[in-house]
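Visitor: Could you walk me through the surface of this chain and tell me what the terms rest on?

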Amino acid sequence: MKPSESAKTSPMSSTREDVGGDRFVRVRKRDLDKLSTEVMQLREFLPRVINGDVKDALHKAWTLDTLKEQSQQEQQQLMQECLHLRSRLEALQAECQKEKEEKMVLREQLWESREQLQQQAEFCTGLGAASCTLLWSASRKEEAVRDILADGKLEPFLSVAGQTLESFVKSLDEEEKPQQQNYSSHEHQFVLALAGVITNIAAVTSGRDFISSSAHILLDTLMQLLGLMKPGVFAKLKVLMLMALYNVSISVKGLTYISESPALLPLICTLLEDRDSEVCLQALRLLQSLLVEGEVVVQFTPDLLRSLPMGRIRQLTSSRHAALSQTAQEALEDLERLTSTQNSATEKDL
C-alpha cells in the first residue's frame with residue numbers, strides 16, 4: 001500500500017519515521033489543533049462530571065453511614081427492650097406459676113369446704129327431719145298445740161315453714177316421671193313433717209283461729225304451691241297441704257278468707273283430676289266446706305256450678321277407694337241440692 005493511500009484512510013493523517021531508533025509521528029496541524037481542543041474540553045468538563053459523581057457518592061455514603069448508625073441505635077434499643085420484655089415475661093411466668101399453685105391449693109380447700117358443707121347440710125337436714133318429725137308427732141295432741149301457741153313462737157315458725165315449702169316445691173323436678181321419684185330422703189321427710197305440723201295445728205280450734213287471723217301469707221302460699229305441683233308429683237305433700245286448708249276452712253273466718261281467693265275454684269277443679277285418690281278425697285272435702293257454709297257459697301254459686309267438673313265427680317263416686325266414693329257421692333248430692341235451690345230462686349225472680 002502506498003503512503004498516500006494510507007493517509008486517506010485515517011481521519012488524522014500522520015506518518016511515522018524512525019530517527020536513531022526513536023519513532024516520531026507526523027501529524028497535521030489542524031488535526032493537532034482539534035486534538036488540543038478536545039483535550040482542553042475534557043480538562044474543563046471532566047472535573048465537573050467527576051466531582052458531581054464523587055459528591056453524589058459521598059452524599060450517599062454519608063446517608064448510608066447515618067442510616068447505619070441509626071439502625072445500630074435502633075437495634076441496640078430493640079435489644080434493650082427485648083431484654084426488658086424477657087425479664088418481665090420471666091417475672092410474669094413466675095407469678096403465673098405461683099398463682100397456679102395457689103389456685104390448686106384454693107381448689108383443694110374449696111373441695112374440702114364443699115364436702116364439709118355437704119356433710120353439714122346432710123346433718124342439718126337429718127336433724128331437721130328428725131326434729132320436725134318429733135314435733136309432728138307431738139302436735140297431734142291438743143295440749144301440745146296450746147303450749148306452742150302459749151310460747152309465742154308460732155308466727156315465726158309458720159313464716160319459716162311457708163318459705164321452706166315454697167323453696168322446696170319450686171325446686172322439684174316436675175319433668176321427672178312420678179314413678180321414678182324417690183321421696184324417702186331427709187329433705188322430703190323434713191318437708192312432710194313441716195306440712196304435718198301445720199295440718200295438726202290447724203286441726204285444733206285455737207290453732208286454726210290463729211292461722212285464720214295471723215297467717216294469711218301461709219294460706220296464700222299453700223294454695224299457690226298446690227297450683228304449681230303437677231298431677232302425680234309428691235302426692236303426700238299435696239294431701240297434707242289440702243288437709244291444712246280443710247282444717248282452716250272449719251273456722252268461718254278461715255273459710256271466708258280462703259273463699260275470697262280467685263284461685264280456689266280452679267285449684268279444686270285441677271286437683272279433682274289428680275291420679276292420686278287421697279288428693280281427690282281431700283279436694284272434695286275442701287269443696288264440701290265451701291258448700292256447707294251458706295253465706296260463702298252464695299257469693300260464687302254461679303261460678304261454682306259452671307266451673308266444677310261434674311262428670312269427674314260422678315266418676316269418683318264409682319272409685320274403689322271407699323272414703324273417696326262416699327265423699328264424692330255426698331258432694332254430688334250437695335251440688336244437686338244447690339242447683340235446685342238456685343233454680344228455685346231463679347223461678348221466683350221470674
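Guide: Gladly! Val-27 has its place in strand β2, a strand being a DSSP run of E with at least two residues, while a helix is a run of H or I with at least four, both numbered from the N terminus. The model is predicted, so local features need pLDDT of at least 70 and side-chain atom pairs pLDDT 80 or more, whereas totals for chains, interfaces and linings use all residues. Residues are numbered from 1 along each chain as its sequence is written, and side-chain values use heavy atoms, without hydrogens and water.

Visitor: Why is Val-27 called partly exposed?

Guide: Buried means under 20% relative accessible area and exposed over 50%, with partly exposed in between (1.4 Å probe, protein chains only). Val-27 has 33%, so it is partly exposed.

Visitor: Which residues make the nonpolar surface patch?

Guide: Val-25, Val-27, Leu-32, Leu-35 and Val-39 make this patch of about 370 Å². Patch residues have over 30% relative accessible area and no salt bridge; nonpolar side chains (Val, Leu, Ile, Met, Phe, Trp, Tyr) are joined within 5 Å, like charges within 9 Å. A salt bridge puts a side-chain nitrogen of Lys or Arg within 4 Å of a carboxyl oxygen of Asp or Glu. Helix α2 (29-138) and β2 (22-27) each supply at least two residues, and α2 gives the most, three.

Visitor: What makes Glu-102 partly exposed?

Guide: Its relative accessibility of 42% lies between 20% and 50%, so Glu-102 counts as partly exposed. Glu-102 is in helix α2.

Conventions: Areas by Shrake-Rupley, 256 points an atom, 1.4 Å probe, with all protein chains shown as cover.
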